[in-house]
Amino acid sequence: MAVKKAEVFILDVAPSMRKVGFGEDKSYLDQAKFVLFNFFNSKLVAEKKGDHTGLVLVGTDETNNDLAEDGQYEHISVYGKIDVATISLLKFVDQQLPESHSTGDVIDAIIVAADLIAKHCLHYKFEKKIYILTNAESPINREDPGQIIEIIDQVRNTGIAVDIIGFGFNDNESQLEIPGKSDEQKENEDFLREFASKCSGDTYLGSEAVSLLSKLRSKSVKPTTLIRSPLTLGDKEAHPESTLEIPVYVYAKTMELKLPSAKKLSSIAETAAARSKTMEVVMDRVYKLALPDLENEELDKEVKVEDAEVATNDGVLKIDDLIKGYKYGKTIVPFSKEDEESLRLKTTKELSILAFPHKNQIRREWYMSNILLMVPDPTVPTAVPLFSAFLRGLQETNCYALIRYVFRDNSQPKLMLLMPPKKNSGVVDELEADNEELMCYGLLVQVPYADDIREFNFPSLFGLVGEPIAVAQTKVNLSASLSVNQSSSTGSSINSMAISNSQSLSKRLKRLDKRNALPNEAIQIMDDFIDAMDLTSEQDIQVFNPGFQRLYQCISHRAINPTDNTLPEQDQKFIAGLLPRKELVENAQNQLDRLKKAFNIEKVDKKSTGKRIWAQNEQSAQNSIDIEAILDGTDKKVKLDDPDISILELTQSKIDKIGTMDPVGDFEAMIARRDTDLVDLAVSQMCSIIVKLVTESLGDTLYSKAMQCLSALRNRCIIEGEVETFNNWMVTFRDTTLSTTRFAGFRLRLVDAKVTLIDEEEGRGGVKKEVVEDFLRSEDNQNQLQEKVVQPVEEEDEDDL
């Protein structure tokens, strides 16, 4: 069972915490906020329900705690109750910490935090801890040693550990002292260090905590067993006396970290009903018949009648009416639920040893899936020596155990390899600290069935592993000449075949072999380059998933700053692990140059393909048109019926409907079409798209795209002479959609961007200047504006979207 945690963070917010320490660029309080923010952020990412967190501020101007009475425990404030970390707690630490002008006693804060933990945990089992973030400059009441000892005993008896994160503390290991400290501050620092050690805690420097939390961290996962079953050697049913069973547990050792999936939300669902307090939506799947068009397709009358009878309720089918079908050639073979039950393979949960292949028989490319960890059952005393002896036997014979793995009843069996750990590995030393003769774990990796292995045959690389091209070419020419000299005795057909084969080999060698070095020299150059890029000297090489780290960086930023439309810049630490280290590249540069020279490595420019090459050819053709040849009729180029239509236009798909993926691009493409006039249709659809983006936007997520569409629509209406259409629609859009408070944010964007009506100077049919200036002002002028502007036309139907 997972251990629950109850942690309380005590943050000193006294004025002295706003100082900037010696040799630092941030104040103590800013550093403490950074530490707290990353602590709480990591708990939000981990989503562990058993991690409960509390926050106590010491040194606040106000007093807000349950123990405050008769002038005791003053200037100490408790933020809420101990609970799972929330976004509101994160926002409070990042943006809402009070600016204090008072000081508080850290010992009083410890008593308040211990009281919070006691009331929260009651008799339940929790891992309890108090973190104190302070610079030890505020006064601490230590006049009564007996009372301090009583407090320490009370904290220890309740099982609470106390850790100190000291900002501006001396580094005892390097014996460096921070200059400018008062005697009281030094005494407080020594007192807190001693207090933490007596309460089973430690003292950390603030700089150490900041450095540690600045590094990337992986998501901690609770270890859970995948299967608990005996590892069976032998046939238990046929030979129960000679069967060996070792109780074991199987855990996941390595497993891909999946990015969390985003939930689908709807702002419309939030406002649809008063009782709805959530933005979540529910997906409902409906199955319908794929019926042909009964009116247009020529089918038998009986088939039409049968389909029409089945297509009741718009062709919607019930789940009970569905069956599965498997493709067999071009035929779909149906299988009912009863057939599927009889088809399913009946299995029982098991870990059975099938064979002991030698490790040289196992190819590395056969390793599949995740790596699992097998350990003996800790509740069975005989399991550890039995399992250790079994692994020792595998190691001494250089064999693996091939296992039939069924993790639950009626699941598909898998083939797994049980491998003993390597000798002298760090993990083994750590796990076998008590007894070096025991092996405590084995590694499980899935291997494929024969059906899963794909064999591919590739052409031979003959000629690339031997002599370079100059030597090989000489041999080919010599072979060809010998074939020619022997033509008189062997016949002309054999002579032709020899010449053809030699020429084919020569061409292939020229195409593939670009070496400028002898084989041994080329191999040595490659070895030198690999040695120069060697990473084996690095003790700790960790590459974190940049996608996971970047995702939660953006999520935390958007949670704290919901009105900020921009996302934070990508931290270079996210991609640093995917790039070669700078010092390694510099050290290996000479070897890299030798390698490029030996293999004649050159950068080849990518050739244009697809639409780009058509566009380039079209441009070059337009630039080389001979006007005189056209006038004289001597032009030999193929002419199109319409000379105004380019090749690029002929190859592009014709767009007649604006979508929401790239509405501006679709709009411009419809306007630019020359085979038909779609200006009116494009303007009408663009108006509907803008309304759709604004009304269906989740918050303001689609407002930017709507503003781009509106700007493109306004500019194009000026060019195409649709000024009155645009002005009429803008008035309707303002008086209907933008009149509600829900879309006040989009209206403010219009005002800030000065996107308004088209005046008479911009386009013919525009309104006067004063109407434009008053268009987006207060609602008191809307009736007056309505009379000045022409009456709005009826808005287009949005069903075509």
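Leu-122 counts as exposed because its relative accessibility is 58%; exposed means over 50% relative accessible area, buried under 20%, and partly exposed in between, with a 1.4 Å probe and protein chains only. Leu-122 sits in the loop between α3 (106-121) and β4. Its phi is near 55°, a positive value in a residue other than glycine. This is a predicted model, in which local features need pLDDT of at least 70, side-chain atom pairs count only at pLDDT 80 or more, and totals for chains, interfaces and linings use all residues. Residues are numbered from 1 along each chain as its sequence is written, and side-chain values use heavy atoms, with hydrogens and water left out.

Ser-200 also has a positive phi, near 60°. Ser-200 lies in the loop between α5 (183-198) and β6 (203-205). At 63% relative accessibility, Ser-200 counts as exposed.

Now the strands. Helices (H or I, at least four residues) and strands (E, at least two) are DSSP runs, numbered from the N terminus. Strand β4 (residues 127-134) runs parallel to β5, and seven bridges join them; two strands pair if DSSP finds at least two bridges between them. Thr-134 has Gly-166 of β5 as its bridge partner.

Strand β5 (residues 160-166) is mostly covered, with seven of its seven residues buried. Ile-160, Val-162, Ile-164 and Gly-166 point one way from β5. Ala-161, Asp-163 and Ile-165 point the other way.

Helix α4 (residues 145-157) holds Glu-150. Glu-150 counts as exposed, at 55% relative accessibility.
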